[in-house]
Amino acid sequence: MNSDPVARWEEILRSLYREELLALAGSDTDMTSLYVKFSDLERCDPEFARELLERPEEMLGTARAALLQIDLPKDAHLDRVLVRITELPSHFRIEQLNSAHIDKLIAIEGRVVKADKARSKRISSAVFLCLRCGNVFLQDLTRVDRADPDIKCSNHECGRRGPFRPIINNSGYVTAQKIRLQESLEDIKEGVLLRELNVELEDDLVGMAFPGARVIVNGVLKFYPRKSQASKSTDFDLFFKSISVENMGVGV
């Protein structure tokens, strides 16, 4: 097994998804998606697949870096392509979610009860190479003070503040949409309140989930502090940052 996640992604994508990559490289669309089945990763490298579940944002950052290293015909490129993971082995209901699932790659089942209008969202993110240890990681720059950037290498054995070299830099606007997911009626005992979860869709996922549809959303569970005017609250609300959407049809 190759211990370098960028090199491992490159090996797997070249061997299993080369035709799809060639089609994406020739696309005129600004940003397109490569859908990768989790079972393919697990079959090729079970340990690598487990790392993806535990550290999804870091691992998907290295996937984007790997796309830049794949040999392509002249003038073809994959710098705007996103890797989206589908068909995770287990699904959760909203009532099952807890703090142990935060920042992990999971799949949630539910029914869409609300879908907001698409909007433009300001983004700023980059994939960096740490020149001290060689680690490649994705950094969300929207949470970084640009006057005093405090970016640390995500490699726990390194943790240095640089020097870094940006590999992929995205700064601008993307299309985004917020949907509300609710537990399906058949999953709930009588007399129990239906729980809901806000889910954020971006780019080509916008418009893939509509009210009344039953879906499986694969992504990363996040949280934000609950606002309180009286005092600083230690409570938090969960939301879901989607990576892919699988439609299960219309349900109750």
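## Basis of the model

Throughout this report, buried means under 20% relative accessible area, exposed means over 50%, and partly exposed covers the range in between (1.4 Å probe, protein chains only). The model is predicted: local features need pLDDT of at least 70 and side-chain atom pairs count only at pLDDT 80 or more, while totals for chains, interfaces and linings use all residues. Residues are numbered from 1 along each chain as its sequence is written, and side-chain values use heavy atoms, with hydrogens and water left out. Helices (H or I, at least four residues) and strands (E, at least two) are DSSP runs numbered from the N terminus.

Asp45 occupies the loop between α3 (38-44) and α4 (46-54). This residue counts as buried because its relative accessibility is 4%. Its C-alpha lies 9.0 Å from that of Ile12, although 33 residues separate Asp45 and Ile12 in sequence.

The side chains of Asp45 and Arg8 make a polar contact at 2.8 Å; such a contact is a pair of N or O atoms within 3.5 Å, where, within protein, one must be able to donate a hydrogen and the other to accept it, and residues adjacent in sequence count only if both atoms are side-chain atoms. Asp45 also forms a salt bridge with Arg8, with 2.8 Å between the closest N and O atoms. This pair links distant parts of the chain, 37 residues apart, with Asp45 in the loop between α3 and α4 and Arg8 in helix α1 (residues 5-16). Arg8 has a relative accessibility of 12% and therefore counts as buried.

## Further salt bridges

Side chains of opposite charge can pair when their charged atoms come close. A salt bridge is defined here as a side-chain nitrogen of Lys or Arg within 4 Å of a carboxyl oxygen of Asp or Glu, and a search of the whole structure finds 16 of them. In one, the side chains of Arg55 and Glu51 meet at 2.4 Å, N to O. Arg55 is partly exposed, with a relative accessible area of 27%, and Glu51 is likewise partly exposed, at 30%.

Another salt bridge joins the side chains of Arg214 and Glu109 (3.6 Å, N to O). The two residues are 105 residues apart and link distant parts of the chain, Arg214 being in strand β9 (residues 213-225) and Glu109 in strand β4 (residues 105-115). Arg214 counts as buried at 17% relative accessibility, whereas Glu109 is partly exposed, with a relative accessible area of 22%. Salt bridges with shared partners also join Glu57, Asp103, Lys222 and Lys241 into one network.

## Surroundings of Thr32

Thr32 is placed in the loop between α2 (18-25) and β1 (33-37). At 12% relative accessibility, Thr32 counts as buried. Leaving aside residues up to four places away in sequence, Thr32 touches Leu24, Ser27, Arg80, Val81, Leu82 and Asp204, where contact means heavy atoms within 4.5 Å.

## Nonpolar cores

A nonpolar core is a set of buried Ala, Val, Leu, Ile, Met, Phe, Trp, Tyr and Cys residues joined through side-chain atoms within 4.5 Å. The largest such core has 36 residues, of which Trp9, Leu13, Leu41, Leu52 and Ile85 touch the most other members. Helix α5 (residues 56-67) supplies the largest share of this core, six residues.

With residues up to four places away in sequence not counted, Leu41 touches Trp9, Ile12, Val36, Pro46, Phe48, Ala49, Leu52 and Ile85. A second, separate core of 19 residues includes Ile94, Leu97, Ile108 and Ala209.
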